[in-house]
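Open the model in your viewer and keep the selection panel at hand. The stops below go one by one.

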Amino acid sequence: MQTELSNRSKGIICIIVSAFGFAMMSAFIKLAGDLPTFQKTFFRNLVSCIVAFIMVTKAKQSYFGSKENRKILNLRSAFGTLGIIFNYYAIDRMVLSDANMLNKLSPFFVIIFSALFLKEKIKTNQIAAVLVAFVGALFIIKPTFDLEMLPSLVGVAGALCAASAYTCLRVLGKKENGATVVFYFSLFSLVVIFPIMIMTYEPMSLAQFMYLLLAGVFATVGQFGVTWAYKYAPAKEISIFDYSNIIFSAIISVVLFNVFPDNFSVFGYFIIFSASFYMFRYNKKLDKLG
């Protein structure tokens, strides 16, 4: 019993560290200023690729995974790359905590995609939670049906792509080493983005270059933190703690950018968090019954 509690505690610590890592990544992406999104994405993934390469080499694992898993690895990498590009676009143009909260819609999309593509049964409670989360998202997006809501829509598209990537990870399960998956995704992203990055490249100051490298460092912390978290404990037991990212993001927005989320956004956070907390409790109840 003590070991189980210890592992759960480790999982919670890892996922909070991961949430902090991704919040700091978002902050450094925003601090890097008005650079092309593809340029930011390239340097972010360059750091992750180097770290993952070292870890795969040290563990003597495969760099490119098993041949039978290559198709899913490609899909995971493609959706993951699009998710980052869309997320960074939203981060650059929205309040930091708003952009990150929209990205946190991805678990709800995973429920839908798992039902559509993995034939997992979707329950009435889960449908209700998805609808409630969507209502919360509307308070953040504040639909105006003009170009002003474009960053919000792109942020939601980022969550959709992230959910697609996570659904692919569910298919991969324990078939591939975590460092292999991160390396494959990072390298895939670098190869795909490099030509566009070169065409849209803008000169950077030393400060901007350092911000992008730091974004990559904290993104790597976030990626490996969440990977280790789910090794220690099931997602349904600890995933709710990933929403600490929004708390970190809100604090960073105030401290670094002197930007406060408005009342509608805060109410939207509350609605989405409540739907997530309900699913967290519901999944734990199902686990006990099972």
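Start with rings: those of Phe, Tyr and Trp (its six-membered ring) count as a pair if their centres lie within 6.5 Å; planes under 30 degrees apart are stacked, over 60 edge-to-face and the rest tilted. By this rule there are 18 aromatic pairs. The model is predicted, so local features need pLDDT of at least 70 and side-chain atom pairs count only at pLDDT 80 or more, while totals for chains, interfaces and linings use all residues. Residues are numbered from 1 along each chain as its sequence is written, and side-chain values use heavy atoms, with hydrogens and water left out.

**Stop 1: two ring pairs**

Select Phe42 and Phe43. Their rings form an edge-to-face pair, 5.6 Å centre to centre, with 85 degrees between the planes. Are these two residues buried or exposed? Phe42 is buried at 11% relative accessibility, and Phe43 is buried with a relative accessible area of 11%. (Buried means under 20% relative accessible area, exposed over 50%, partly exposed in between, with a 1.4 Å probe and protein chains only.)

Now select Phe277 and Phe280. This pair is tilted: 6.2 Å centre to centre, 35 degrees between the planes. Both residues lie in helix α12 (residues 263-289), three residues apart, about one turn of the helix. Helices here are DSSP runs (H or I, at least four residues), as are strands (E, at least two), numbered from the N terminus. Phe277 is partly exposed at 38%; Phe280 is buried at 10%.

**Stop 2: a ring cluster**

Select Phe20, Phe28, Tyr211, Phe218 and Phe248. Ring pairs link these residues into a cluster.

**Stop 3: α2 against α9**

Show helix α2 (residues 37-59) and helix α9 (residues 206-232). They pack at about 50 degrees, with axes 8 Å apart. Axes are lines fitted to C-alpha atoms, for helices over the stretch in contact, and angles run from 0 to 180 degrees between N-to-C directions. That angle makes α2 oblique to α9. (Under 35 degrees is roughly parallel, over 145 roughly antiparallel, 65 to 115 roughly perpendicular, and the rest oblique.)

Pick out the contact, meaning heavy atoms within 4.5 Å. From α2, the residues include Phe43, Val47, Ser48 and Met55; from α9, they include Phe209, Leu213, Phe224 and Trp228.

**Stop 4: Ser186**

Finish at Ser186, in helix α8 (residues 178-200). Ser186 is buried, with a relative accessible area of 0%. Which residues does Ser186 touch? Leaving aside residues up to four places away in sequence, they are Asn45, Ser48 and Cys49.
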